[in-house]
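Visitor: I have a model open and would like to go through how its parts pack. Can you take me through it?

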Amino acid sequence: TMARLFRKENAKVNHISDLDGAVYGKRINYELIREITESVGVPIQLGGGIRTYEIASQLINELGIYRIVIGTSAVDNIELIRRLLDDFGKSKIVISVDVRNGFLVKDGWGNQTNIPAIEFALGMKMLGVQRIIYQDVARVGLLAGPDFEGTKKIAMETGLKVTAAGGISSYNDLKKMQELEPFGADSVMMSRALYDNNL
């Protein structure tokens with residue numbers, strides 16, 4: 001129902017976070033995702049638990065997912081990222097840079113790493129990645145405003161296209177985020193602000 005509503009609201013892409021997949025690495029919600037992709041005429045971007053080539057291929061080739069978001073696997077399995085980029089193209093693969101205190105978190109944000117976010121993003125760029133999703137996980141769902149400085153810094157220092165996520169709460173946040181577009185932060189992801197009708 002919500003996916004259809006976002007279509008009516010002229011969303012350019014609907015993002016699905018499969019949290020069960022992120023935590024357990026399994027496609028528990030496969031049939032629900034299929035139902036969404038088949039019934040909503042908006043490109044679907046999906047993240048959460050995409051940790052094997054077989055799962056990625058299934059999502060793209062069988063379900064018609066427009067773009068997949070890789071998080072944990074980009075930390076743990078660089079060869080997988082290289083293969084996905086080679087076989088499906090750069091436009092189909094986005095890397096999620098989930099950050100707490102400047103360092104990556106993985107496994108559904110449950111495990112803190114000692115990998116600096118910018119160092120990781122630069123490594124992904126060397127593989128051929130063109131876009132990342134950057135979010136400070138401490139801000140997700142709090143409507144406290146996104147990490148403007150972190151978003152600007154990673155966009156400037158990597159030269160990657162950046163989608164900002166986490167904490168966006170209002171029209172003013174969107175206007176302020178728009179000021180970062182010249183640096184490469186050209187899009188945002190929102191959830192609670194939309195559900196709460198803050199815009």
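Visitor: How do the axes of α7 and α8 cross?
Guide: The axes of helix α7 (residues 117–127) and helix α8 (residues 148–158) come within 10 Å and cross at roughly 40°. Axes here are lines fitted to C-alpha atoms, for helices over the stretch in contact, with angles from 0 to 180 degrees between N-to-C directions. Helices (H or I, at least four residues) and strands (E, at least two) are DSSP runs, numbered from the N terminus.

Visitor: What is this model, and how are residues numbered?
Guide: This is a predicted model, in which local features need pLDDT of at least 70 and side-chain atom pairs count only at pLDDT 80 or more, while totals for chains, interfaces and linings use all residues. Residues are numbered from 1 along each chain as its sequence is written, and side-chain values use heavy atoms, with hydrogens and water left out.

Visitor: Back to α7 and α8. Which residues make the contact?
Guide: On α7 they are Ala117, Ile118, Ala121, Leu122 and Lys125, and on α8 they are Lys153, Ile154, Glu157 and Thr158. Contact means heavy atoms within 4.5 Å.

Visitor: And by class?
Guide: The contact of α7 with α8 has 5 nonpolar, 1 polar and 3 charged residues. Ala, Val, Leu, Ile, Met, Phe, Trp, Tyr, Cys and Pro count as nonpolar, Asp, Glu, Lys and Arg as charged, and the others, Gly among them, as polar.

Visitor: Which residues of α8 are buried?
Guide: Phe148, Gly150, Thr151, Ile154, Ala155 and Thr158. Buried means under 20% relative accessible area, exposed over 50% and partly exposed in between (1.4 Å probe, protein chains only).

Visitor: What do they pack against?
Guide: The buried residues of α8 pack against α7, α9 (171–178) and the strands β4 (93–100), β7 (131–136), β8 (161–165) and β9 (185–189). Just after α8, Gly159 takes a positive phi of about 75°.

Visitor: Let's take Ile132. Where does it sit?
Guide: Ile132 is in strand β7. At 0% relative accessibility, Ile132 counts as buried.

Visitor: What does Ile132 touch, leaving aside neighbours within four places in sequence?
Guide: Ile132 is in contact with Val94, Ile95, Val97, Ala121, Ile154, Leu160, Lys161, Val162 and Thr163. Ile132 and Leu160 are 28 residues apart in sequence and 7.1 Å apart in space, C-alpha to C-alpha.

Visitor: New topic. Which residues touch the most other members of the largest nonpolar core?
Guide: Ile68 and Ile95, out of 44 residues in that core. A nonpolar core is a set of buried Ala, Val, Leu, Ile, Met, Phe, Trp, Tyr and Cys residues joined through side-chain atoms within 4.5 Å. The largest share of this core, 6 residues, comes from α7.

Visitor: What does Ile68 touch?
Guide: Not counting residues up to four places away in sequence, Ile68 touches Leu46, Ile50, Ala56, Leu59, Ile60, Leu84, Lys92, Ile93 and Val94.

Visitor: How do α4 and α6 cross?
Guide: The axes of α4 (residues 53–62) and α6 (residues 78–88) come within 11 Å and cross at roughly 30°. That makes α4 roughly parallel to α6, a term for angles under 35 degrees, with over 145 counted as roughly antiparallel, 65 to 115 as roughly perpendicular and the rest as oblique.

Visitor: Which residues meet there?
Guide: Tyr53, Ala56, Ser57, Ile60 and Asn61 in α4 meet Leu80, Arg83, Leu84, Asp87 and Phe88 in α6.

Visitor: How many helices and strands does the protein chain have?
Guide: The chain has 10 helices and 9 strands.
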